[in-house]
Amino acid sequence: MTPLRAKYIRDLVIHGRSKHTQEAYTRYVCDLARYYRRSPELISYEEVTGWLYHLIKERQLSASSVNIAVSAVRFLYAVTLGRETLDLMASIPHMKRATRRAEVYARSEVEAILTAPRQPRHRVLLMTVYGCGLRISEATQLKTSDIDRARMQLRVRDGKGAKGRVLPLSERLLKELVSYWRAQRQGKAGHDSPWLFLGKKAGQPMSTYAGQNIYYSALKKSGVRYKGGIHTLRHYPEFQTIQGKLEVSAPNSLFTGLGAASVCRLTRHSPHLD
(Lines give C-alpha, C1' and ligand atoms only; values in the text may rest on other atoms or scores of the structure.)
Protein backbone atom coordinates (compact mmCIF):
# COMPACT_ATOMS: atom_id res chain seq x y z
CA MET A 1 0.00 0.00 0.00
CA THR A 2 1.38 3.39 -0.99
CA PRO A 3 1.73 6.16 1.63
CA LEU A 4 -0.90 8.24 -0.21
CA ARG A 5 -3.42 5.42 -0.16
CA ALA A 6 -2.77 4.76 3.53
CA LYS A 7 -3.24 8.46 4.34
CA TYR A 8 -6.43 8.58 2.22
CA ILE A 9 -7.97 5.64 4.08
CA ARG A 10 -6.89 7.12 7.41
CA ASP A 11 -8.59 10.42 6.54
CA LEU A 12 -11.78 8.60 5.54
CA VAL A 13 -11.82 6.78 8.87
CA ILE A 14 -11.18 9.97 10.84
CA HIS A 15 -14.02 11.72 9.01
CA GLY A 16 -16.41 8.93 9.94
CA ARG A 17 -16.89 7.35 6.53
CA SER A 18 -18.28 3.82 6.68
CA LYS A 19 -16.25 0.80 5.64
CA HIS A 20 -18.36 0.48 2.50
CA THR A 21 -17.69 4.13 1.60
CA GLN A 22 -13.98 3.69 2.26
CA GLU A 23 -13.84 0.77 -0.15
CA ALA A 24 -15.86 2.55 -2.84
CA TYR A 25 -13.87 5.80 -2.65
CA THR A 26 -10.54 3.96 -2.67
CA ARG A 27 -11.63 1.89 -5.64
CA TYR A 28 -12.41 4.99 -7.72
CA VAL A 29 -9.21 6.81 -6.78
CA CYS A 30 -7.24 3.70 -7.79
CA ASP A 31 -9.18 3.64 -11.06
CA LEU A 32 -8.16 7.26 -11.69
CA ALA A 33 -4.49 6.41 -11.07
CA ARG A 34 -4.66 3.38 -13.39
CA TYR A 35 -6.36 5.40 -16.12
CA TYR A 36 -3.43 7.86 -16.31
CA ARG A 37 -0.80 5.41 -15.02
CA ARG A 38 0.53 7.77 -12.40
CA SER A 39 -0.15 8.92 -8.87
CA PRO A 40 -3.23 11.13 -8.32
CA GLU A 41 -0.85 13.74 -6.87
CA LEU A 42 0.44 14.28 -10.42
CA ILE A 43 -2.97 14.38 -12.10
CA SER A 44 -4.45 17.78 -12.97
CA TYR A 45 -8.06 18.82 -12.44
CA GLU A 46 -8.53 18.92 -16.20
CA GLU A 47 -7.42 15.30 -16.39
CA VAL A 48 -9.84 14.39 -13.60
CA THR A 49 -12.59 15.89 -15.74
CA GLY A 50 -11.45 13.75 -18.68
CA TRP A 51 -11.56 10.62 -16.51
CA LEU A 52 -15.12 11.36 -15.41
CA TYR A 53 -16.11 11.90 -19.04
CA HIS A 54 -14.65 8.45 -19.73
CA LEU A 55 -16.76 6.94 -16.92
CA ILE A 56 -19.92 8.53 -18.29
CA LYS A 57 -19.50 8.13 -22.05
CA GLU A 58 -17.34 5.05 -22.51
CA ARG A 59 -18.05 2.96 -19.43
CA GLN A 60 -21.61 4.30 -19.19
CA LEU A 61 -21.77 4.28 -15.41
CA SER A 62 -24.99 5.31 -13.72
CA ALA A 63 -25.42 8.76 -12.22
CA SER A 64 -25.17 7.25 -8.74
CA SER A 65 -21.83 5.59 -9.52
CA VAL A 66 -20.43 8.74 -11.11
CA ASN A 67 -21.46 10.78 -8.07
CA ILE A 68 -19.53 8.40 -5.82
CA ALA A 69 -16.49 8.89 -8.05
CA VAL A 70 -16.93 12.67 -7.83
CA SER A 71 -17.12 12.55 -4.04
CA ALA A 72 -14.07 10.27 -3.90
CA VAL A 73 -11.79 12.62 -5.85
CA ARG A 74 -13.14 15.73 -4.13
CA PHE A 75 -12.25 14.19 -0.76
CA LEU A 76 -8.82 13.17 -2.05
CA TYR A 77 -7.78 16.62 -3.22
CA ALA A 78 -9.55 18.70 -0.57
CA VAL A 79 -8.79 16.63 2.53
CA THR A 80 -5.92 14.22 1.93
CA LEU A 81 -3.87 16.47 -0.37
CA GLY A 82 -5.12 19.70 1.23
CA ARG A 83 -5.48 21.62 -2.02
CA GLU A 84 -7.75 24.46 -3.06
CA THR A 85 -10.62 22.75 -4.85
CA LEU A 86 -12.92 25.54 -6.07
CA ASP A 87 -11.94 24.88 -9.68
CA LEU A 88 -12.34 21.14 -9.16
CA MET A 89 -15.79 21.57 -7.65
CA ALA A 90 -16.85 23.68 -10.61
CA SER A 91 -15.50 21.28 -13.23
CA ILE A 92 -16.89 18.05 -11.76
CA PRO A 93 -20.37 18.70 -10.32
CA HIS A 94 -22.59 15.91 -9.10
CA MET A 95 -24.86 14.50 -11.80
CA LYS A 96 -28.61 14.85 -11.55
CA ARG A 97 -30.34 11.56 -10.96
CA ALA A 98 -33.59 10.71 -12.69
CA THR A 99 -36.42 10.27 -10.21
CA ARG A 100 -38.21 7.03 -10.85
CA ARG A 101 -41.18 5.68 -8.94
CA ALA A 102 -40.30 2.20 -7.83
CA GLU A 103 -42.64 -0.72 -8.39
CA VAL A 104 -43.77 -2.66 -5.37
CA TYR A 105 -45.14 -6.15 -4.88
CA ALA A 106 -48.76 -6.89 -4.05
CA ARG A 107 -49.50 -8.73 -0.82
CA SER A 108 -50.06 -12.03 -2.64
CA GLU A 109 -46.76 -11.61 -4.48
CA VAL A 110 -44.85 -10.91 -1.28
CA GLU A 111 -46.39 -13.97 0.33
CA ALA A 112 -45.32 -16.11 -2.63
CA ILE A 113 -41.74 -14.79 -2.42
CA LEU A 114 -41.48 -15.25 1.35
CA THR A 115 -42.78 -18.81 1.31
CA ALA A 116 -40.76 -19.94 -1.72
CA PRO A 117 -37.47 -20.89 0.03
CA ARG A 118 -37.24 -24.36 1.54
CA GLN A 119 -34.48 -23.57 4.01
CA PRO A 120 -35.74 -21.90 7.21
CA ARG A 121 -32.73 -19.56 7.22
CA HIS A 122 -33.53 -18.23 3.75
CA ARG A 123 -37.22 -17.83 4.49
CA VAL A 124 -36.66 -16.05 7.81
CA LEU A 125 -34.04 -13.72 6.30
CA LEU A 126 -36.56 -12.49 3.72
CA MET A 127 -39.29 -12.24 6.34
CA THR A 128 -37.03 -10.14 8.55
CA VAL A 129 -36.13 -7.78 5.70
CA TYR A 130 -39.81 -7.34 4.83
CA GLY A 131 -41.25 -7.46 8.33
CA CYS A 132 -38.88 -4.89 9.85
CA GLY A 133 -38.13 -2.82 6.76
CA LEU A 134 -34.41 -3.62 6.84
CA ARG A 135 -31.71 -3.12 4.27
CA ILE A 136 -30.03 -6.40 3.35
CA SER A 137 -26.75 -5.09 4.81
CA GLU A 138 -28.54 -4.49 8.11
CA ALA A 139 -30.24 -7.90 8.12
CA THR A 140 -27.02 -9.84 7.51
CA GLN A 141 -25.28 -8.00 10.36
CA LEU A 142 -27.91 -8.86 12.96
CA LYS A 143 -26.77 -10.67 16.09
CA THR A 144 -28.82 -12.96 18.28
CA SER A 145 -28.39 -10.40 21.07
CA ASP A 146 -30.18 -7.82 18.92
CA ILE A 147 -33.48 -9.62 19.53
CA ASP A 148 -35.17 -8.39 22.71
CA ARG A 149 -37.94 -10.90 23.35
CA ALA A 150 -39.08 -9.22 26.57
CA ARG A 151 -39.74 -5.89 24.85
CA MET A 152 -40.60 -7.41 21.44
CA GLN A 153 -37.95 -5.28 19.76
CA LEU A 154 -35.20 -5.70 17.19
CA ARG A 155 -32.08 -3.55 17.43
CA VAL A 156 -30.23 -2.42 14.31
CA ARG A 157 -26.61 -1.40 14.89
CA ASP A 158 -24.73 0.85 12.48
CA GLY A 159 -27.43 1.33 9.88
CA LYS A 160 -27.15 3.78 7.01
CA GLY A 161 -25.19 6.84 8.06
CA ALA A 162 -23.79 4.91 11.03
CA LYS A 163 -27.15 5.31 12.78
CA GLY A 164 -28.72 2.64 14.96
CA ARG A 165 -32.41 2.21 15.66
CA VAL A 166 -34.82 0.00 17.58
CA LEU A 167 -37.75 -1.58 15.74
CA PRO A 168 -40.93 -3.25 16.96
CA LEU A 169 -40.91 -7.03 16.48
CA SER A 170 -44.16 -8.78 15.62
CA GLU A 171 -45.16 -11.98 17.39
CA ARG A 172 -45.30 -13.84 14.09
CA LEU A 173 -41.79 -12.84 13.07
CA LEU A 174 -40.42 -13.69 16.52
CA LYS A 175 -42.03 -17.11 16.25
CA GLU A 176 -40.40 -17.64 12.86
CA LEU A 177 -37.01 -16.60 14.23
CA VAL A 178 -37.31 -19.01 17.17
CA SER A 179 -38.34 -21.85 14.85
CA TYR A 180 -35.38 -21.11 12.59
CA TRP A 181 -33.01 -21.13 15.55
CA ARG A 182 -34.26 -24.48 16.77
CA ALA A 183 -34.18 -26.02 13.31
CA GLN A 184 -30.78 -24.85 12.08
CA ARG A 185 -28.75 -23.41 14.94
CA GLN A 186 -29.45 -25.01 18.30
CA GLY A 187 -26.98 -27.73 19.19
CA LYS A 188 -25.20 -27.61 15.84
CA ALA A 189 -21.78 -26.40 14.72
CA GLY A 190 -21.60 -22.63 14.95
CA HIS A 191 -24.65 -22.34 17.19
CA ASP A 192 -22.63 -20.26 19.64
CA SER A 193 -21.72 -17.65 16.99
CA PRO A 194 -23.18 -14.20 17.77
CA TRP A 195 -24.46 -13.72 14.21
CA LEU A 196 -28.12 -14.43 13.55
CA PHE A 197 -27.57 -15.49 9.94
CA LEU A 198 -24.34 -17.43 9.54
CA GLY A 199 -22.16 -17.26 6.43
CA LYS A 200 -20.12 -19.97 4.75
CA LYS A 201 -17.00 -19.21 6.76
CA ALA A 202 -17.03 -20.30 10.38
CA GLY A 203 -17.80 -17.47 12.78
CA GLN A 204 -18.69 -15.03 9.99
CA PRO A 205 -22.09 -13.51 9.18
CA MET A 206 -23.88 -14.06 5.91
CA SER A 207 -22.58 -11.79 3.16
CA THR A 208 -24.77 -9.17 1.51
CA TYR A 209 -24.17 -10.95 -1.81
CA ALA A 210 -25.49 -14.23 -0.39
CA GLY A 211 -28.57 -12.45 0.97
CA GLN A 212 -29.31 -10.96 -2.43
CA ASN A 213 -28.95 -14.38 -4.07
CA ILE A 214 -31.46 -15.82 -1.61
CA TYR A 215 -33.95 -13.19 -2.72
CA TYR A 216 -33.39 -13.78 -6.43
CA SER A 217 -33.70 -17.55 -6.01
CA ALA A 218 -36.96 -17.12 -4.08
CA LEU A 219 -38.29 -14.70 -6.69
CA LYS A 220 -37.54 -17.14 -9.51
CA LYS A 221 -39.09 -20.06 -7.65
CA SER A 222 -42.22 -18.07 -6.78
CA GLY A 223 -42.94 -17.19 -10.39
CA VAL A 224 -43.56 -13.53 -9.45
CA ARG A 225 -42.57 -10.94 -12.03
CA TYR A 226 -39.34 -9.12 -11.20
CA LYS A 227 -39.99 -5.60 -9.95
CA GLY A 228 -36.66 -4.81 -8.33
CA GLY A 229 -33.97 -6.11 -6.01
CA ILE A 230 -34.38 -7.19 -2.41
CA HIS A 231 -34.55 -3.53 -1.40
CA THR A 232 -38.04 -3.54 -2.95
CA LEU A 233 -39.28 -5.59 0.00
CA ARG A 234 -38.78 -2.49 2.15
CA HIS A 235 -41.41 -0.61 0.11
CA TYR A 236 -44.66 -1.38 1.84
CA PRO A 237 -47.44 -1.38 -0.79
CA GLU A 238 -50.52 -1.33 1.43
CA PHE A 239 -50.57 2.36 2.38
CA GLN A 240 -53.27 4.39 0.71
CA THR A 241 -54.24 8.04 0.75
CA ILE A 242 -57.82 8.76 1.73
CA GLN A 243 -58.90 12.41 1.59
CA GLY A 244 -55.26 13.48 1.77
CA LYS A 245 -54.49 11.43 4.88
CA LEU A 246 -52.10 8.54 5.09
CA GLU A 247 -53.78 5.35 6.25
CA VAL A 248 -52.94 1.68 6.38
CA SER A 249 -55.35 -0.85 4.97
CA ALA A 250 -55.22 -4.38 6.38
CA PRO A 251 -51.84 -4.13 8.15
CA ASN A 252 -49.51 -7.04 7.61
CA SER A 253 -48.66 -8.90 10.81
CA LEU A 254 -45.03 -9.14 9.68
CA PHE A 255 -44.65 -5.46 8.93
CA THR A 256 -44.10 -3.50 12.13
CA GLY A 257 -40.67 -1.99 11.87
CA LEU A 258 -40.89 1.35 10.09
CA GLY A 259 -41.26 4.47 12.17
CA ALA A 260 -43.11 7.65 11.25
CA ALA A 261 -40.12 9.16 9.45
CA SER A 262 -39.73 6.03 7.35
CA VAL A 263 -43.44 6.05 6.51
CA CYS A 264 -43.07 9.58 5.15
CA ARG A 265 -40.14 8.48 2.99
CA LEU A 266 -42.22 5.63 1.60
CA THR A 267 -44.41 8.15 -0.21
CA ARG A 268 -41.59 8.46 -2.73
CA HIS A 269 -41.72 4.74 -3.51
CA SER A 270 -45.27 3.45 -3.34
CA PRO A 271 -47.50 3.78 -6.42
CA HIS A 272 -50.45 4.23 -4.06
CA LEU A 273 -49.02 7.47 -2.67
CA ASP A 274 -49.21 10.32 -5.16
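The model shown here is a predicted one, and its chain contains 11 helices together with 5 strands. Of the 274 residues in the chain, 41% count as buried, while the accessible surface amounts to about 15900 Å², with 52% of that area belonging to carbon and sulfur atoms. When contacts between residues at least 6 apart in sequence are considered, 59% of them join residues at least 24 apart.

The largest nonpolar core has 36 residues, and those that touch the most other members are Y105, L126, L134, L169, F197 and L233. Several elements each supply at least two residues of this core, namely helix 6 (107-115), helix 7, helix 8 (136-140), strand 2 (153-156), helix 9 (171-185) and helix 10 (208-222). Helix 7 gives the most to this core, with 7 residues. Apart from this core there is a second, separate one of 24 residues, which includes I43, Y45, L55 and V73.

L126, already named among the core residues, touches I113, L114, P117, I214, Y215, A218, I230 and L233 when residues up to four places away in sequence are left out of account. H122, which is found in helix 7 (residues 120-132), touches P117 and I214 under that condition on sequence separation. Is H122 buried or exposed? H122 counts as buried because its relative accessibility is 18%, and the cut-off for being buried is under 20%.

| Residue | Relative accessible area | Class |
|---|---|---|
| H122 | 18% | buried |
| S91 | 31% | partly exposed |

S91 is found in helix 5 (residues 86-91), and its side chain reaches the backbone oxygen of L88 at 3.1 Å. Although S91 and E46 are 45 residues apart in sequence, the distance between them in space is 7.9 Å, taken from C-alpha to C-alpha.

Aromatic residues complete the picture. The structure holds 6 aromatic pairs, and one aromatic cluster is formed by Y215, Y216 and Y226; of these, Y215 is also one of the residues touched by L126. A ring is involved in a further arrangement, in which the charged end of K143 sits over the ring of W195 at 5.1 Å from its centre.

Notes: Residues are numbered from 1 along each chain as its sequence is written. This is a predicted model: local features need pLDDT of at least 70, side-chain atom pairs count only at pLDDT 80 or more; totals for chains, interfaces and linings use all residues. Side-chain values use heavy atoms; hydrogens and water are left out. Helices (H or I, at least four residues) and strands (E, at least two) are DSSP runs, numbered from the N terminus. Buried means under 20% relative accessible area, exposed over 50%, partly exposed in between (1.4 Å probe, protein chains only). Contact means heavy atoms within 4.5 Å. Accessible areas come from the Shrake-Rupley method with a 1.4 Å probe; for residues, only the protein chains shown count as cover. Rings of Phe, Tyr and Trp (its six-membered ring) pair if their centres lie within 6.5 Å; planes under 30 degrees apart count as stacked, over 60 as edge-to-face and the rest as tilted. A charge sits over a ring if NZ of Lys or CZ of Arg is within 6 Å of the ring centre and within 35 degrees of the ring normal. A polar contact is a pair of N or O atoms within 3.5 Å; within protein, one must be able to donate a hydrogen and the other to accept it, and residues adjacent in sequence count only if both atoms are side-chain atoms. A nonpolar core is a set of buried Ala, Val, Leu, Ile, Met, Phe, Trp, Tyr and Cys residues joined through side-chain atoms within 4.5 Å.
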